[in-house]
Amino acid sequence: MTRVLHILDHSLPLHSGYAFRTRAIMKAQEAMGMEVRGVTGLRHTAEAPAEPDPQTAEGLLFHRTAGSVSGPTGMREWREVAALTDRIERLIAEWRPDVLHAHSPALGGLAGLRVARRHRLPLVYEIRAFWEDAAVGNRTGREGSIRYHLTRGLENHVVAGADAVMTICHGLRDDLVARGFPAGKIGIVPNGVDLSLFGDPPPRDAALAEQLDLGTGPVIGFIGSFYDYEGLDDLIAAMPALMAEHPDARLLLVGGGPMQSDLARRAAESPAAQAIRFVGRVPHAEVERYYSLCSVMAYPRKASRLTDLVTPLKPLEAMAQGRLVAASAVGGHRELIEDGVTGTLFAPDDPADCARALSALLGRRGEWEAMREAARRHVAARHDWAQNIRRYQGVYQTLLAAADGRLRAAA
């Protein structure tokens, strides 16, 4: 039975797209008969300092790196890597994994690389986004800065040293190949959903709709984090033109984040202010109730390196729940959505085209059921974790066979 240790930035019980992908991977691997555990770096415990070590969350076992680090930029990150390296060393002595599977950012990858070399263990490094681009998208970094280039350089070092590299989409893989890394070393395991968690779409929660004063018209929804790159300002700006064609339309924004106050101000100043509802963050167990209210889930991401190279998880979850999806035509969305078949695409950074696309979609109700069915079939065929997880298994087996061959040759 193969033992896999996942090296992570953070994990459950924290909620994020990162944590949910990790949960899906580990659950699916367990279902295939593997033994899996996770180990998180200091950034997890910085968010949840009271959590025990180890900790079971949703039936999965996670080990924590305790403590804290300080110092100037660069030195602080180096100390983070050292602390995580030490925690992995102790886990190897205790549990003896067969494969180390490190997930970006590169700090975790570097810790995994150090330990893998020392113990001659196979290392798989998985890139979910280029974190220097994510920092630009989150407004915590600047493209072209020294920190930007240092982050990229560290990632390149880990990619070069890993035995195999996995990405979540073609955009990330193609970028790595363009940097000069061999294409045969880099695989893709796309974002996915556990379809066993999704049955028939829930009926509209009439009581919640009345509580939010949504009326009986179509509801455009967004559920997630309010980052600048999500383009929610463009969605708010599109509402007056949309309501000129569909006066009973409403916009429902569920979540929170750095752009929350700016978005609330824009909504209050909009001629469509009376049609825009902010809900704030809701418990994960309540999210399905809010999905049930939405006719269309909208993802108006702005054009950037981050959004062109990275495929998001939310549209796939919406498709799996039987929701219509409308999204900006950035590269990450074009990998997931076929315009007019599984969803609707519109020009990024263009409120007028967003309004046009949404209005046209709302006017074609007769096509909604076929689009929903096509989207769900697409998710089942290409993004079901029960199938996608097999891609890891093939990589693990190849690396373990190669390692065994080296040991036999040395003997």
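What volume does the second largest cavity have? The answer is about 40 Å³, and the structure it sits in is a predicted model.

**Cavities**

- The count of cavities of 30 Å³ or more comes to three.
- The largest cavity holds about 110 Å³ of space.
- Its lining is made up of Leu8, Asp9, Gly41, Leu42, Arg43, Glu80, Val81, Leu84, Pro105, Leu107 and Gly108.
- Three helices, H2 (42-47), H3 (75-95) and H4 (106-119), each give at least two residues to the lining of the largest cavity.
- H3 provides the largest share of that lining, with three residues.
- Around the second largest cavity you will find Asp234, Leu235, Pro300, Arg301, Ser328, Phe346, Ala347, Pro348, Asp349, Asp350 and Cys354.
- The lining of the second largest cavity divides into six nonpolar, one polar and four charged residues.

**Aromatic pairs**

- There are six aromatic pairs in the model.
- In one of them, the ring centres of Tyr18 and Trp131 are 6.4 Å apart and the planes stand at 90°, so the pair is edge-to-face.
- Tyr18 belongs to helix H1 (residues 17-31) and Trp131 to helix H5 (residues 131-137), so this pair ties together parts that are 113 residues apart in sequence.
- Tyr18 is buried, at a relative accessible area of 10%, while Trp131 is partly exposed, at 30%.
- Phe226 and Phe278 also form an edge-to-face pair, because their planes are at 75°, with ring centres 6.4 Å apart.
- Phe226 sits in the loop between strand E9 (219-225) and helix H9 (232-245), and Phe278 in strand E11 (residues 276-280), so the pair ties together parts that are 52 residues apart in sequence.
- Phe226 counts as buried, with 0% relative accessibility, whereas Phe278 counts as partly exposed, with 32%.
- Phe226 and Phe278 also belong to one aromatic cluster, together with Phe222 and Tyr299.

**Arginines over rings**

- Arg128 lies over the face of Tyr18, at 4.2 Å from the ring centre; Tyr18 is also the ring that pairs edge-to-face with Trp131.
- Arg114 lies over the face of Trp78, at 4.6 Å from the ring centre.

**Helix H4**

- The 14 residues of H4 should span 20 Å at 1.5 Å a residue, and the end C-alpha atoms are 20 Å apart, which agrees.
- Of those 14 residues, 10 are buried, so H4 is largely enclosed by the rest of the structure.
- The buried residues are Ala106, Leu107, Gly108, Gly109, Leu110, Ala111, Gly112, Leu113, Val115 and Ala116.
- After H4 comes Arg120, which has a positive phi, near 55°.

Notes: Residues are numbered from 1 along each chain as its sequence is written. This is a predicted model: local features need pLDDT of at least 70, side-chain atom pairs count only at pLDDT 80 or more; totals for chains, interfaces and linings use all residues. Side-chain values use heavy atoms; hydrogens and water are left out. On a 1 Å grid over the protein atoms alone, a cavity is a set of points where a 1.4 Å probe fits but cannot get out, and a pocket is an open set with protein on both sides within 12 Å along at least five of seven lines; lining residues have an atom within 4 Å of a point. Grid points are joined across faces, edges and corners, and a volume is the space filled by probe spheres set on the points. Helices (H or I, at least four residues) and strands (E, at least two) are DSSP runs, numbered from the N terminus. Ala, Val, Leu, Ile, Met, Phe, Trp, Tyr, Cys and Pro count as nonpolar, Asp, Glu, Lys and Arg as charged, and the others, Gly among them, as polar. Rings of Phe, Tyr and Trp (its six-membered ring) pair if their centres lie within 6.5 Å; planes under 30 degrees apart count as stacked, over 60 as edge-to-face and the rest as tilted. Buried means under 20% relative accessible area, exposed over 50%, partly exposed in between (1.4 Å probe, protein chains only). A charge sits over a ring if NZ of Lys or CZ of Arg is within 6 Å of the ring centre and within 35 degrees of the ring normal. The expected span of a helix is 1.5 Å times one less than its number of residues.
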